[in-house]
Amino acid sequence: MAKSKHNTEDYLQMYRQMVRIRTFEDNANQLYLSAKMPGLTHMYSGEEAVAVGICEALEITDKITSTHRGHGHCVAKGAEFKEMFCELLGKEEGYCRGKGGSMHIADQSNGNLGANAIVGGSMGIATGSAFTSKMLGTGDVTVCFFGDGATAQGLWYEVMNMAALWNLPVIYACENNGYSEYTKTEEIAAGSITARAEAFGIEAHQVDGQDVLAVNELTQKLVARARKGEGPFFMELMTYRYHGHHVGDINREYYRSKDEEKDWKDNRDPIIRFRGWMVEQGIATEEEIEAMNAEIKADAKAAVEYALEAKYPDVSEVDMHVYVGVEHALA
Amino acid sequence: MRQITLSQAVNEALAEEMRRDETVFIIGEDVAEAGTPFKVLAGLVEEFGTSRVVDTPIAEPGFMGIAVGAAMTGTRPVVDLMFGDFIYLIMDQLCNQAAKTHYMSGGKLKVPLVLRTNLGATRRSAAQHSQSLHALVAHIPGLKVAMPSSAYEAKGLMKTAIRDDNPVVIFEDKLMYNDKAPVPEEEYLIPFGEANIKREGTDITLIGTSSMVQVCEKAAEILAGEGISAEVIDPRTIVPLDEATLLKSARKTSRVIVVDEGHQSYGVTGEIASRINEKAFYHLDAPVLRMGAMDVPVPFSPALEDITVPTPEGVAENARRLMSGEMIHAA
Ligand SMILES: Cc1ncc(C[n+]2csc(CCOP(=O)(O)OP(=O)(O)O)c2C)c(N)n1
Ligand SMILES: [Mg+2]
């Protein structure tokens, strides 16, 4: 584990947030398996240290853009279970009134500009958000989350060029989980990913995405420098998704072995590693940790029950929010 | 006759054409071992190898551009675009390059490629994975557009598309991949620009594209029970459009409803309706009605999504109103 620079409360918060993500995902997966959730969803389980390590280095006013695998980013940036589950189930009280669903969750209140169902689709948005920050002098930093697969999108190279030319306060955070859908990263990425950012003169780092302290420490430094106008930066976070590409991707041995999955889960799990470290350092006892886990589980259960009972939006909402300032587009 | 799924029909068409012509190849994301997320291409890589079933990074403009160049120089690419919604990413390569090359070169160059993609809502996939965008490309001179309504059409139209020397875009309905239909063992092709009269009738004409053909057939069934005889026509390709068959039916029945899953405004329904108005006006007893998808982004919530697409009940209701002579100002 990387060296610490935090107080007990920070550590507990990081642990708590990672467990909240894992618990959220376990429940979301269960909703899918029991046919209670419309459509499909992409699980973040296994990658918790990335979202939490980064978001714990941000202020509430800092912005993030998220991906199709976005529940983790959303929780880590401060979202509530209840509104999230409501959104996953298409209910009126969801963060997007049921209009977005899993792949489009956005949480304006915490600076989450939204998940995105277009791979790489948020790279322009994140860079534009950093543009605003510079132009209006807000001091906000924007983190752009995307996967290894998204590095194949041309848009990234266009916006990196401009971000570097204009010193924008944006951090491009590539979650390299080794796969894009059913394809290994080495089959879709030529050369080195960090070198691509470096080609634009952008400072690039590779970090163990299963080590929440390492991620957090690096992010804190980069965020502070980005605020001073030293951005942009690039981080490649080496991580792993535990589930299939989406919840329906169950028979996946043709592209990824069970042994490989087991190895990551048994030996590199971000939550188990951090928990062990906290106990070792005397930050929390096993009992305290178990109590925290139980509380989070109960929270999630209550939120799921609430969301299942919650009501769908009234059909009259279908043509609302098409245009700003027009109550009903088709009236 | 044997029954096969739409997915198998497409697979067979591709396999047969690849055996017949060694310049035919498939290119796109997760097309090889994975056989696409919808498994439509399963098994093709085993027979044709990775040099003819080519997996790409997530770089749609890139592989579309490569296909255009490859087509101009002696091959016949079949580009696999995983979701029709991603067509926005490849618009320049498709519409500025592929569509115009033959014309701009004074007939000297040609681009014999097929773009396979899909359309269709109600899969709970939200606004960026549910669109029906065929009108966008049908608007561009130089592109042909096919819209199979069953496994039978999917196979016959695909084979014709591959042999056509022009860029052809085929939109399959992603909800129909597992739908079975009778498909002969023997080879057959379906020529472009030949509508299919699915059901004969005398009182009203229902023109439907893609899965809306089934919607029209179900509506016709409902209407038959009420003594209204509806004719159902499937244009099969919207570019070229078999105007003669549509006009003949309009003149015969004097009432027409056009049903299509693209947004209603500025769409396929409007185009077909206005051609009928222009050329069969004096034979009509009622205005030609358009029924498209509601003019809103596709909402995630099932409660909202289901009301955005035409239904058999909705078509039947409009047919009744046309039959009763009610003055209709379509919504
Ligand atoms: C532009 C675009 N192309 C293709 C897809 C289909 N798709 C969804 S997720 C995905 C893989 C993304 O891989 P990566 O960026 O590594 O993210 P991960 O799923 O591993 O988190 C693909 C190809 C899409 N949503 N958008
Ligand atoms: Mg990935």
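B:Arg124 sits in the loop between strand E5 (114-119) and helix H6 (134-138) of chain B. Helices (H or I, at least four residues) and strands (E, at least two) are DSSP runs, numbered from the N terminus. The model is predicted: local features need pLDDT of at least 70, side-chain atom pairs count only at pLDDT 80 or more, and totals for chains, interfaces and linings use all residues. Residues are numbered from 1 along each chain as its sequence is written, chains are lettered from A and ligands numbered from 1 in the order in which they are written, and side-chain values use heavy atoms, with hydrogens and water left out.

Phi of B:Arg124 is near 60°, a positive value in a residue other than glycine. B:Arg124 is buried, with a relative accessible area of 19%. Buried means under 20% relative accessible area, with exposed over 50% and partly exposed in between (1.4 Å probe, protein chains only). B:Ser210 also has a positive phi, of about 50°, although it is not a glycine. B:Ser210 belongs to the loop between strand E10 (204-208) and helix H8 (212-224) of chain B. Its relative accessibility is 2%, and B:Ser210 counts as buried.

A:Pro232 lies in the loop between helix H8 (212-227) and strand E7 (233-238) of chain A. B:Pro240 is located in the loop between strand E12 (237-239) and helix H9 (243-253) of chain B.

The magnesium ion (ligand 2) is coordinated by A:Asp148 (OD), A:Asn177 (OD1) and A:Tyr179 (O), at 2.1 to 2.2 Å. Donors are N, O and S atoms within 2.8 Å of the metal (3.2 Å for Na, K and Ca); water is not among the atoms, so sites may look incomplete. The donor residues follow the spacing D-x28-N-x1-Y in sequence. A:Asp148 lies in the loop between strand E2 (142-147) and helix H6 (154-165) of chain A, and A:Tyr179 in strand E4 (residues 179-180) of chain A, so the pair ties together parts that are 31 residues apart in sequence. Both A:Asp148 and A:Tyr179 are buried.

Ligand 1 lies between chains A and B. Of the 22 residues around ligand 1, A:His68, A:Arg69, A:Ala117, A:Gly149 and B:Glu60 come nearest. A residue is near a molecule or strand if one of its heavy atoms lies within 4 Å of it. The shell around ligand 1 divides into nine nonpolar, eight polar and five charged residues. A polar side-chain atom of B:Glu60 lies 2.5 Å from a nitrogen atom of ligand 1. A side-chain N or O atom of A:Arg69 is 2.8 Å from an oxygen atom of ligand 1. A backbone N or O atom of A:Val119 lies 3.0 Å from a nitrogen atom of ligand 1. The protein covers 97% of the 580 Å² of accessible area (Shrake-Rupley method, 1.4 Å probe) that ligand 1 has on its own.

Over all chains, the structure holds 22 aromatic pairs. Rings of Phe, Tyr and Trp (its six-membered ring) pair if their centres lie within 6.5 Å; planes under 30 degrees apart count as stacked, over 60 as edge-to-face and the rest as tilted. B:Phe38 and B:Tyr177 form a tilted pair, 5.1 Å centre to centre and with 40° between the planes. Both B:Phe38 and B:Tyr177 are buried. A:Phe146, A:Trp156, A:Tyr157, A:Tyr172, A:Phe200 and A:Phe234 form one aromatic cluster.

Definitions and conventions: A polar contact is a pair of N or O atoms within 3.5 Å; within protein, one must be able to donate a hydrogen and the other to accept it, and residues adjacent in sequence count only if both atoms are side-chain atoms. Ala, Val, Leu, Ile, Met, Phe, Trp, Tyr, Cys and Pro count as nonpolar, Asp, Glu, Lys and Arg as charged, and the others, Gly among them, as polar.
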